Amino acid sequence: MAAPILVADKITKRFGDFTAVDSLSMSIQPGEILGLLGVNGAGKTTAMNMLLGLLIPTEGSIQVFGKDLTKHRVEILKQTNFCSAYTNLPSNLRVWQNLHVFAKLYGVKNWRQRMDELLELMEIPHLKDRVTGHLSAGESTRLHLCKSLLNNPRLLMMDEPTASLDPDMADKVRKAIRHVQREHGISVLYTSHNMRDVEEVCDRVVFLHKGKILTEGTPDDIKRHFAEESLENVFIRVARSGDMVPMGAAVEDAEEAEAKAHAVAETGAEAEATTRAPGRKEGDASSS
Amino acid sequence: MINFGVIHALVLRYLYLFTRTPIRLIELLFWPIVQLLVWGYLTTYLQRNTDAEFSGFITFLIGAVIFWDVLFRSQQAVAIYFLEDVWTRNVLNVFVAPIRTVEYLGATFTVGIMRTALTVTILSLISYGLYHFNILSLHWALFPFVFNLLLFGWSLGMISTALIVRWGPAAETLAWATPFLIQPFACVFYPLSELPAWMQWISASLPATHVFEGMRAILKTGELPVTNLVWAFGLNAAYMAGAGWLFGHVLKVARIKGLLTKFASQ
């Protein structure tokens, strides 16, 4: 097995008395798309910020490409990139001007050719001369993707890239991410609140809750673990109960769990599914 | 090792802002020209109403306006560059890019030189045309004086940016206020000897004071005050070292406390 692209070893982040991330250990394999899931406040953004070098962990260490992130930050950042729905590129620059600046920042040779390839890939070559601030949300997201792929990164961090997109555009973006990952074998760390995104895009998922790993595995593993028919149900269940289900906890037979979930879904009593699913604590107040 | 390609990219971003929004030239030229007109006509009025000896010397007021602008523009270049990224929610994109602190500062210093060169050239031409004040009458001393003001402006820029990063966007006003906080002590328009003793101590610790004192000395006597230059260079070395350390330290604190990411969510 090839060496992991990224290894986080027991990273903890405390802000005063509050622990945002608690002894998190995870790794990303070459060519893998790893989803980082969790309800609001679970610690995913804090974890991603530490992996990007924007935050220094209180404890623990991060190795990227086999090098310590704190000591080799610039060297590592040359081979990574970042795409977020919550940042903008300078709105008063034209699309090509923004891509030119970031291509130079990442030391991209033949930036014009690379820019044209990426604009084609994202189906926005006609926007090259447009002012960035005049783009729609979907266009802006695709421009961000172009920016994040300029340097052919070995590791790409994506923070809710499809947030605020309509279903059609979100589908296009998901396909583009999959395409790029297949073509170039890049590793991706992906956060999203859109569980369809995660099921479609991610090879493996780490589910964070209160700063700790609640469970991890393929999307199917996670569903089986919680005996839910969709990741969305898992998400809702965790959000509403705050249950801490230990990793590797025994689950009912997958088929039985699936049948149970279907039966519940058919009666329309979705919330009921959470009370019956295995791994649930008996008598949890929030389940009523 | 410094990557000049990164500095070039960051400077390019600033230049692109001007190609897209030429109205920004107003900020670069309008206020300095207004200041020059106000102080220039005050100077001509005073020239007509004072004795002959002082009326020739009083043109230092025009020189002071131009020199003050050097300091102000170079401080602004550092502080506003960071705020541009805050205003456009581009902070995270910049700070996850492979940029060293020294390269980031190098870009802001370069922008400062460009801004200063443009405004000083235009102000010098206007002051010569309207008031017959020739900045070249300072001879070769002009260059070390301007260089010292650039250095001090960069130091103030690093200090004000560090405080903005530390205290958040609420402290944005420091980007404009910092130079004016030190202006009364910098002896821009009056000699050091006019200040009360307690203020003189503070003033003497500012490199700008020695530049303005030196400029007045040249215009009055025609001789270069070497002592003023030595003081200015010495103090600037200390200010640059201190401000550079503060800037680097605050960025480290920002990475510990999550201050940079807070800017992204404003």
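Leu51(A) lies in helix H1 of chain A, which covers residues 44-51. The model is predicted. At 3% relative accessibility, Leu51(A) counts as buried, because buried means under 20%. Leu51(A) and Val64(A) are 13 residues apart along the chain. Their C-alpha atoms are separated by 8.6 Å.

Arg73(A) belongs to helix H2 of chain A, residues 73-77. Its relative accessibility is 16%, so Arg73(A) also falls under the 20% limit and counts as buried. In sequence, Arg73(A) and Gly53(A) are 20 residues apart. In space, the distance between them is 6.9 Å, C-alpha to C-alpha.

Backbone angles come next. Most residues other than glycine have a negative phi. Ser23(A) has a positive value, near 50 degrees, and is a residue other than glycine. Ser23(A) sits in strand S2 of chain A, residues 18-28. At 39% relative accessibility, Ser23(A) counts as partly exposed, because this value lies between the limits of 20% and 50%. Asn110(A) is another residue other than glycine with a positive phi, near 50 degrees. Asn110(A) is found in the loop between helix H3 (95-105) and helix H4 (111-121) of chain A. Its relative accessibility is 58%, so Asn110(A) counts as exposed, a term for values over 50%.

Chain A also provides a contact between a charge and a ring. Lys147(A) lies over the face of Phe102(A). The distance from the ring centre is 5.4 Å. In chain B, Arg13(B) lies over the face of Tyr81(B), at 4.9 Å from the ring centre. Tyr81(B) is also part of a cluster linked by ring pairs. The cluster joins Tyr81(B) with Tyr14(B), Phe18(B), Phe82(B), Phe95(B) and Tyr104(B).

Aromatic pairs were searched for in the whole structure. The search finds 19 of them over all chains. One is formed by Trp68(B) and Phe180(B). The ring centres are 5.9 Å apart, and the planes are at 55 degrees. Trp68(B) has 7% relative accessibility and counts as buried. Phe180(B), at 42%, counts as partly exposed.

A further pair consists of Phe109(B) and Trp154(B). The ring centres are 4.4 Å apart. The planes are at 15 degrees, so the pair is stacked; the limit for stacking is under 30 degrees. This pair too links distant parts of the chain. Phe109(B) lies in helix H6 of chain B, residues 101-131. Trp154(B) lies in helix H7 of chain B, residues 142-167. They are 45 residues apart. Phe109(B) is buried, with a relative accessible area of 15%. Trp154(B) is buried as well, with a value of 7%.

The packing of helices in chain B was also examined. H4(B) and H7(B) pack at an angle of about 35 degrees. Their axes are 7 Å apart. The crossing of these two helices is right-handed. By class, the contact of H4(B) with H7(B) has 18 nonpolar and 6 polar residues. It has no charged residues.

Two helices of chain B were compared with their expected spans. H6(B) has 31 residues. From its first C-alpha to its last, H6(B) reaches 43 Å, close to the 45 Å expected at 1.5 Å a residue. His132(B) follows H6(B) and has a positive phi, near 55 degrees. Helix H10 of chain B, residues 207-221, has 15 residues. H10(B) reaches 21 Å from its first C-alpha to its last, close to the 21 Å expected at 1.5 Å a residue. Several residues of H10(B) are buried, including Pro207(B), Ala208(B), Val211(B), Phe212(B), Met215(B) and Ile218(B). Among the buried residues of H10(B) are also Thr209(B), His210(B), Gly214(B) and Arg216(B). Gly222(B) follows H10(B), and its phi is positive, near 80 degrees.

Key. Residues numbered from 1 in each chain as written. Chains lettered and ligands numbered in written order. Predicted model: local features only at pLDDT ≥ 70, side-chain atom pairs only at ≥ 80, totals over all residues. Heavy atoms only, no water. Phe/Tyr/Trp six-rings, centres within 6.5 Å; stacked < 30°, edge-to-face > 60°. Buried < 20%, exposed > 50% of the residue type's maximum accessible area, 1.4 Å probe, protein only. Helix = DSSP H or I, 4+ residues; strand = E, 2+ residues; numbered from the N terminus. Lys NZ or Arg CZ within 6 Å of the ring centre and 35° of its normal. Axes fitted to C-alpha atoms, helices over the stretch in contact; angles between N-to-C directions. Left-handed = near helix turned anticlockwise from the far one by under 90°. Nonpolar A, V, L, I, M, F, W, Y, C, P; charged D, E, K, R; others polar. Expected span 1.5 Å × (residues − 1).
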